[in-house]
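User: Hey, I'm new to this one. Can you walk me through it?
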Amino acid sequence: TLASTGIRARIFSKASFAACPAFPDSDQVGLDFQSDNVFAEGRGRVVAGASYGKVRADSANRQGVQTTFPGPVSAERYGVFGQVDYDLRRDLKLVVSERWDDGDLYDGRFSSRAALVYGVTPRHTLCLSFSDAFQSPGLAEFFLQVPVAPPLDLSPLEAALAPLTGG
């Protein structure tokens, strides 16, 4: 039987790039939900949850000129996760978790984790783990358009190399 130990929900909204003048009009909103339960007379724990988020940014300055993005951009993300940990012995715990993420900027994918946690002392543990994960990209990885240097005229170099390159 499962015994509930808590349900948490978090809603947040903030200006995600407020400290950066390149993004004068931006915001981020999200919702996280998590439920924790115990089983096997407290030897096991189950955590399950879901998350949603949306970020929007417009890099137009006061004159309406886009500074870093080609125009207003936005993206949504979704995720569900679960974790089970179980005390195999007083000093040894097994942890298994799975997460699925999907969003506008990337295809849906799973992230897995398994671990054995050994309690050397009550305040020190050793952990052997395997995990497969990814870092979800942000708006800048997809939409950033910032010149790194002034354009160069390479036509004299191209002309000089043309006999060698067959061009």
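User: Let's start with Tyr106. Is Tyr106 buried or exposed?
Analyst: Keep in mind that this is a predicted model. In it, Tyr106 is buried, with a relative accessible area of 11%.

User: Okay, and which residues make up the largest nonpolar core?
Analyst: There are eight: Val55, Ala57, Phe69, Val73, Ala75, Leu105, Tyr106 and Leu139.

User: Which elements give two or more residues to this core?
Analyst: Those are strand E3 (44-58) and strand E4 (73-89).

User: Switching to rings. How many aromatic pairs does the structure hold?
Analyst: Four. One of them joins Tyr106 and Phe134 edge-to-face, at 5.4 Å centre to centre with 65° between the planes.

User: What does the pair tie together?
Analyst: Tyr106 belongs to strand E6 (residues 106-121), while Phe134 is in the loop between strand E7 (124-132) and helix H1 (139-143), so the pair links parts that are 28 residues apart in sequence.

User: And how accessible is Phe134?
Analyst: Phe134 is partly exposed, at 24% relative accessibility.

User: What sits over the ring of Phe134?
Analyst: The charged end of Arg109 does, 4.5 Å from the ring's centre.

User: Back to the pairs: how are the rings of Phe142 and Phe143 placed?
Analyst: Their centres are 6.3 Å apart and their planes are at 45°, so that pair counts as tilted.

User: Are Phe142 and Phe143 buried or partly exposed?
Analyst: Phe142 is partly exposed at 45% relative accessibility, and Phe143 is partly exposed too, with a relative accessible area of 24%.

Key
Residues are numbered from 1 along each chain as its sequence is written. This is a predicted model: local features need pLDDT of at least 70, side-chain atom pairs count only at pLDDT 80 or more; totals for chains, interfaces and linings use all residues. Side-chain values use heavy atoms; hydrogens and water are left out. A nonpolar core is a set of buried Ala, Val, Leu, Ile, Met, Phe, Trp, Tyr and Cys residues joined through side-chain atoms within 4.5 Å. Buried means under 20% relative accessible area, exposed over 50%, partly exposed in between (1.4 Å probe, protein chains only). Helices (H or I, at least four residues) and strands (E, at least two) are DSSP runs, numbered from the N terminus. Rings of Phe, Tyr and Trp (its six-membered ring) pair if their centres lie within 6.5 Å; planes under 30 degrees apart count as stacked, over 60 as edge-to-face and the rest as tilted. A charge sits over a ring if NZ of Lys or CZ of Arg is within 6 Å of the ring centre and within 35 degrees of the ring normal.
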